[in-house]
Amino acid sequence: MDDDDMEMDDYNDDFKLNTGPKRKSYEVDYSSLSQTSVEKSMREDVDHICGILGVESPVAALLLRHQAWNKERLIEKYMETPTTVLVESGATVPEPVAAPTPVRSHSVDKSTASPSSSRRATRSSSKLLSSLTSPTRLSFQKSNSISPSGTASPSKSRKDTKSEEPESFVCPICFDDSPDLKQLALDCGHVACSGCWNAYTTSKIRDEAEHSIRCMTEGCALVASDDFVRNILSDAAPAGTDVHENAVAWSRFQELLVRNFVAANQKLKFCPYPGCTNTVSCPSAAGKSVITSIVPTVSCGARGIPGSSSDKAGSSSSGVLQAREHVFCFGCTIESDHRPVVCAVAKLWLQKCEDDSETANWIKSNTKECSQCQSTIEKNGGCNHMTCKKCKYEFCWVCMGPWSEHGTAWYSCNRYDEKGSIDARDAQSRSRASLERYLHYYNRWANHEQSAKLSVELYAKTEKKMEDMQITSELTWIEVQFMKKAVEEVEKCRMTLKWTYAMAYYLARGNEKDLFEDNQRDLEKAVEDLSELLESPIETENIPTLRQKVTDKTVYVQKRNEIVLEDTATGFQDGRWRWNITVDGFEDPLEDSKVD
Amino acid sequence: MDARLRRVNKEIADCKNDKTSNISLELVDNSPFHLKGSFPGPEDTPYQGGHFEVDIIIPDSYPFQPVKMKFITKVYHPNVSSASGAICLDILKDAWSPVLTLKSTLISLQSLLCSPEPNDPQDAEVAKHYTTSKGSFDETARYWTQIYAGGPGPKDVKESRVSGAARDDVAIAGLEKAHVDQFEGIGFPRNKVIDVLRRLNYRGANVAQISEDRIVEELLKP
């Protein structure tokens, strides 16, 4: 990946790798987008709709959000029934306006009296709202919302209608009636004080993560435009509210809008790391059908987790670990990087591990099967003369042979190779085979996972060694970086190895699997060798040779890892892999390759 | 003054002044944020004549988040849990709007009693009872109203009045006494019989469809 290449440049004297710009077969093309750039493409979509439908941009935004950003469907629907679409998306009030729900406050009563024909369609009124961003317009807003003539036309409402206002306004939500209340309403004219609007909007955004802020009145489906929300969280916010909290709510609102846009677009995914607001665009991995042939491991490019004590520069090895790159799988949420195995198989494997591994381990270590009826038996006391509860077969727990052959040697079994007991043990081992097979893969898988977890310590240890080396030999800081590079490589390869075991478990028997396992074995051998080198004690006189060895091995390991990834990736693209079970999106397994 | 407190005070005062709606609110533990509301059962329903009490908790973010309400009085209704009193009503969840008040919400509860929504049930067993035999459901609901909400009791006062207002478990569950006696006679404990029959909805037309073996099977389950 790009980032690796850049890092590589720093150690060019140590590592000569052909990491050309050409994409490897196990990588996907993707790009990382910041929140701002996603907002930009949102705006482009909105402008596009504005141009075609001839609506103002706040309306276009509401329409698009309601139609899940499907421009074609929106245009089609809008052309058919513009009013319905506008009403459904909450951009306008329905035409045959029933008087707003009768409420206690006089002021609203008065506004109800205004003829329903004066309720305006969106365009002009959203202009009103967008012009409201300046604080001086607040009185104008008031008139817009309350005066009977207010919504008739922008120019008309511009006149000061203060005198027309009822003597005292009582907010229908908080019942406050102080004279300096700022009154606000959407196009529907359901007035509330700015304090209530502010509290309501903040609560919706913060507590419900809701980007669609509907009118507070029951049954009113009108949605506040972005400008209205910004206004209520900044200029129109009442004096008592926390400026910081408003700012937080506004930025959260913007993030929610971006998330809504990203969620509606198959080509985009929001970075799942906490606190990260980047988006990754990966058109080649959009859609369910593609992820059976590629493993779309992507990264948003950011590192570390904000708020944690990470060293952004990543110069110290502990910093490297904390400030890890935001790598994730575009196709699933199982694990950040489950290459080389595809999402569906990785998921199957994890499910199996969750269900089976502990039980299977226990069965393996505590039970045996009756050689006659294959019931699983736990011996929890008593002598070795077992009688199967189910089939009443009598056998010896030690040799598994029939008890009748034991003759006079009751209660002790010193026989091993009598025919009866050999046969019994054969049967036993056959019935154990599938369990053993699973445990074989599981244990190796778990082992690599465990090692990867221990890498924190390994990093710390390596860091220490690197310091020592700088003191005891003439090597400079840059020259001892080979250690760090090696540790990173080992960790990466262990991830690959881990998932190769999940893949191998499900691969159907045959030449393809043999080849796969050969590659896996080579990588594993190389990784273990390198690990051993890293763990070995450092003696001053050996440092140059060690350095040479580690450097060579690192390059080799890297090569092997690439071979495994490359080979499996091309295999998926050519449809070469066959499974021994049914996997979503793949052909059903051949009869002879099925494994119980 | 705190906006929430002002609003709640105003709502309580409004309720006091309003003599027409018959809805009352009172404080619990002297806190204006924990109230007890009550209203009469709507007329021409099995709940007529009953007096229903509702526990009301006002959350910190009220009125921007809905109030929490549940029945204190036991109610036999598809959208009210017969065990906990929890209420399934849209305005108490996502359809909440800040302009709704305690009074209007209690009125909504009252009208919920008039028009049950068995397709969106809170209590599945009660809803089953409602959809399979409305008549028997009404009887049970009326019986519950009588016992728990102080209602006037069934209109046909021939048999159940014999035992006075004593709690009749069988009638509360909306079952036939003969059915319960039948299985109790076999030797199963009475409350277990009632439990199983209620769960299987052994009422009305269902009686012919559920075999006795099936019931015994259920009864034998630990």
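Start in chain A of this predicted model: select helix α18 (residues 511–535) and helix α19 (residues 543–574), whose axes come within 9 Å and cross at roughly 155°. Angles over 145 degrees count as roughly antiparallel, so α18(A) and α19(A) are roughly antiparallel. Now colour the residues where α18(A) touches α19(A) by class, and you'll get 13 nonpolar, five polar and six charged ones.

Next, hop over to chain B and pick E11(B), which sits in helix α1 (residues 3–17). Is E11(B) buried or exposed? Its relative accessible area is 5%, and under 20% counts as buried, so E11(B) is buried. Show what surrounds it: leaving aside neighbours within four places in sequence, E11(B) is in contact with F175(A) from chain A, and with L25(B), Y62(B), T101(B), L102(B) and K103(B).

Follow it to P63(B): the peptide bond joining them is cis, with omega about 0°. P63(B) belongs to the loop between β3 (51–57) and β4 (68–71) of chain B. For another cis peptide bond, go back to chain A and zoom in on R339(A) to P340(A), where omega is near 5°. Here P340(A) lies in the loop between β7 (325–329) and α14 (343–366).

Last stop: two asparagines in chain B. N22(B), in the loop between α1 and β1 (24–28), has a positive phi of about 65° though it isn't a glycine. N201(B), in the loop between α7 (190–199) and α8 (206–209), has a positive phi too, near 60°.

Notes
Residues numbered from 1 in each chain as written. Chains lettered and ligands numbered in written order. Predicted model: local features only at pLDDT ≥ 70, side-chain atom pairs only at ≥ 80, totals over all residues. Heavy atoms only, no water. Axes fitted to C-alpha atoms, helices over the stretch in contact; angles between N-to-C directions. Helix = DSSP H or I, 4+ residues; strand = E, 2+ residues; numbered from the N terminus. Parallel < 35°, antiparallel > 145°, perpendicular 65-115°, else oblique. Nonpolar A, V, L, I, M, F, W, Y, C, P; charged D, E, K, R; others polar. Buried < 20%, exposed > 50% of the residue type's maximum accessible area, 1.4 Å probe, protein only. Contact = heavy atoms within 4.5 Å.
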